[in-house]
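Thanks for making the time this morning. I would like to go through one model with you, slowly, and with the cut-offs stated as they come up.

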Amino acid sequence: MTKNIMIVGVGGQGTLLTSRILGGLLMDAGYDVKLSEVHGMAQRGGSVVTFVRYGEKVYEPIVEEGQADVIIAFERLEALRYAHFLKKGGKLIVNDQRIDPITVVIGATKYPEAIIEGLKEEMDVHAVDGMKKAIEIGNSKVFNIVVLGVAAKYMEFSKEDWIKVIEKTVPPKTVEMNCKAFLTGYESSENE
Amino acid sequence: MSETKIMLGNEAISRGAYEAGVKVSAAYPGTPSTEISETIIQYPEIYAEWSPNEKVAMEVAIGASISGVRAMASMKHVGVNVASDPLFTISYAGVNGGLVLVAADDPGLYSSQNEQDTRLVARAAMVPVLEPSDSQEAKDFVKIAFDLSEQYDTPVIVRTTTRLSHSQGPVVLEERLNIEDKVYERNISKFVMMPGNAKVRHLYVEKRMKEMANDLCNSPINKVEYQDKKIGFITCGIAYQYVKEVCPNASVLKLGMVNPLPRKLIEEFAKEVETLYIFEELEPVIEEQVKSWGIAAIGKEIFTIQGEYSANMLRERVLKEDLSLEKAKDVPARPPILCPGCPHRSVYSVLKKLKIHGAGDIGCYTLGAVAPLNVVDTTVCMGASISTLHGMEKAKGKDYIKDWVAVIGDSTFMHTGINSLMNMVYNKSSATVMILDNSTTGMTGHQDHAATGKTLMGEDAPAINIFQLCKSLGIEHVYEVNAFDLVALEKMIKEEVNRDALSVIITKSPCVLIKGLKFPNKCITIPGKCVKCGACLKPGCPALTKNEDGTVSINEIMCNGCGLCMDLCKFGAIEKVGTNS
């Protein structure tokens, strides 16, 4: 059975690093893996999505609407944009952060209110303030790994497997901080 | 045991080149092809360069091939247009060492100005095309392409698409082949394409393409998978994966060679299946040929020409499933924008204030076309800013372009902008050209070029001085200015657009995403001073947010401390402070 994961966010939030960690983990676990990324223009602050699929044999590299087992959203509005990709019974992890798109900054549209509350009525959502936790441990940049740590709770791999792949994927100087960030997310509970 | 590694399609292509024994690689960056060159430099056996444009890259690869080594050029689909002059003729001449062009198409226009299909160019140039469908095949097909190139005396195109280039999948690594250099022998009738020789070679090209169409019917790169014969698909590239996903039991003819088409193989397959679908992204290249042979098939009647394909497209249009997927309504769009601290934003804020139109070009600064900047009026292709502005002046006269400038980046200027500027000098233009020099090829992910002082392989190189280059054309009015010096910039632009002579303004400030650059400052708001005028918000910096009460706050993580908002604030409500990091 092929499993589908999506990582969505705003260009520059580190979706590519996150998907590389995930890809490495799945390869190590012996799965056939395909990942699909966005490079180029959309990376300049646009909406970005990375698809990750794994199983015994994977054909297409993209996750289609209604088929994601897990969606990791680094920003609230992006969670809303891609929520319809989640399958029934899937899990949506949302980093509780707001980044205004230019259409909101210039007043052409409004940033939707109460996104997380609305999504919670329709699907299984776990919200986390990754940025706050990252600042607490001393580096705002690793908020994405905190969020990945939260998502890892809903996947079938051991903490040790994750740490192993983070150690070999991120730049050597940042290993300690990234592992700390991952564990902060992994060991947190939703209502703290 | 052989090693398996997860690789981007593009990384697998460069691995394929390495294993095929390639010695020379030349390219100009362009999404989605850029990572081919960026990853090929891990192999010291290969000389790899960024050339100033795709025509030069193609010719470098051609020269290497003629000298007897295996050589590769890589570029995006529109780059193939720039390289089409050498491509069309080297198709006649053929090769000595194997010659492969990797062309990366962009269905769905993730980062391009059009959605053209390289297979049509290849048909016109009479060049064979292989199209892989995942990372493993990307590597394998590059190696096959080099063999075919030498066997059939032809350049070979490996066509990829954004989805393939930017998807990762497992790849089994093999050793590099030990390919001996071919002996170079002077062969005027083959390598000098003047009319008498080219006529003979044209006949050879016709014969070659017929032979390949015939011979490759038996090649494993074209795969027939007979299962349930009620439905049959002819497909290629990434589209194959969607077919396997949705119709795992259908019969499939997966074409690895998409030009020329293996006709006999297709005719046999068509006879075996009841309903034949042709599922190919972009143009109906396979479909039109197959239908012209009198074969009934369903293709673009139900599938699109525009855009990327998906498994859901097959579910809806072939299986007639009602997916009725409900999207959230009224989700604000999030288009790409210039980064916080981008020097282009500063330049555009001045052009906007002066109500000047920009004849635009290809790069991050194309984003000056959209709100809130709305400065760029035109974008066609690499280098076109300067020449289109010249055309306007010649059509309408000097006064007509007093509120126009051409805006072009440094890498794009070195690509083909320089030709257009030579034309302005020669044909007596009075235009104002602005070269937004941010010291890198920004949009494609920060590649070096002839004016940065570094090569693709990381060596120091002479940095061509753009100021001196313009001066050397005999242009009297060439100026350099800091992109963030709003006062100097405004004065200079006003003077130059009103001058009855050609002038070049080079704004020099590096891209904020260049690796290793440090930003020691950030901007903060001073409580109580904001009068809610909104002047700082006008250039659309994403680090700024308008609060509920109309005042402004600055996101300290996003801010790079460029000071543009501070300079635009007349009430001293924003100041620049140092950071410790």
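What you see is a predicted model, in which local features need pLDDT of at least 70 and side-chain atom pairs count only at pLDDT 80 or more, while totals for chains, interfaces and linings use all residues. Residues are numbered from 1 along each chain as its sequence is written, and chains are lettered from A and ligands numbered from 1 in the order in which they are written.

Let me start with chain A, which has eight helices and six strands, where helices (H or I, at least four residues) and strands (E, at least two) are DSSP runs numbered from the N terminus. Along the sequence, the pattern of chain A reads β-α-β-β-β-α-β-α-α-β-α-α-α-α. The C-alpha trace of chain A spans about 50 × 40 × 35 Å along its principal axes. The radius of gyration of chain A is 16 Å, which agrees with the value near 16 Å that a compact globule of 192 residues would have; the radius is taken over C-alpha atoms, and the globule rule is 2.2 Å times the number of residues to the power 0.38.

Now to the contact between the chains: 42 residues of chain A are in contact with 44 residues of chain B, contact being defined as C-beta atoms, placed from the backbone, that lie within 7 Å. On the side of chain A that touches chain B, S2(A) gives the most, with five residues. That side of chain A divides into 20 nonpolar, 13 polar and nine charged residues, with Ala, Val, Leu, Ile, Met, Phe, Trp, Tyr, Cys and Pro counted as nonpolar, Asp, Glu, Lys and Arg as charged, and the others, Gly among them, as polar.

Which strand of chain B is joined to S2(A)? It is strand S8 (residues 167-172) of chain B, which runs antiparallel to S2(A) and is joined to S2(A) by two bridges; two strands pair if DSSP finds at least two bridges between them. Ser36(A) stands opposite Ser167(B), and Leu35(A) has Gln168(B) as its bridge partner.

The open sheet has eight strands in the order S6(A)-S5(A)-S4(A)-S1(A)-S3(A)-S2(A)-S8(B)-S1(B), with mixed pairing. Strand S6 (124-128) of chain A and strand S1 (4-8) of chain B stand at the edges, each with a single partner strand, so one side of each is left without a neighbour in the sheet.

Within chain B, the axes of helix H3 (residues 54-67) and helix H5 (residues 84-93) come within 8 Å and cross at roughly 30°, the axes being lines fitted to C-alpha atoms, for helices over the stretch in contact, with angles from 0 to 180 degrees between N-to-C directions. H3(B) and H5(B) are therefore roughly parallel to each other, a term that covers angles under 35 degrees. Lys55(B), Met58(B), Glu59(B) and Ile62(B) in H3(B) meet Asp85(B), Pro86(B), Leu87(B) and Ile90(B) in H5(B).

Last, the domains: chain B is divided into domain 1 (4-218), domain 2 (223-317), domain 3 (343-508) and domain 4 (521-578), with bounds from an automatic or database domain assignment. The C-alpha centres of domain 3 and domain 4 of chain B lie 28 Å apart, and eight residues of domain 3 of chain B are in contact with eight residues of domain 4 of chain B.

Conventions:
Two residues are in contact if their C-beta atoms, placed from the backbone, lie within 7 Å. Angles under 35 degrees count as roughly parallel, over 145 as roughly antiparallel, 65 to 115 as roughly perpendicular and the rest as oblique.
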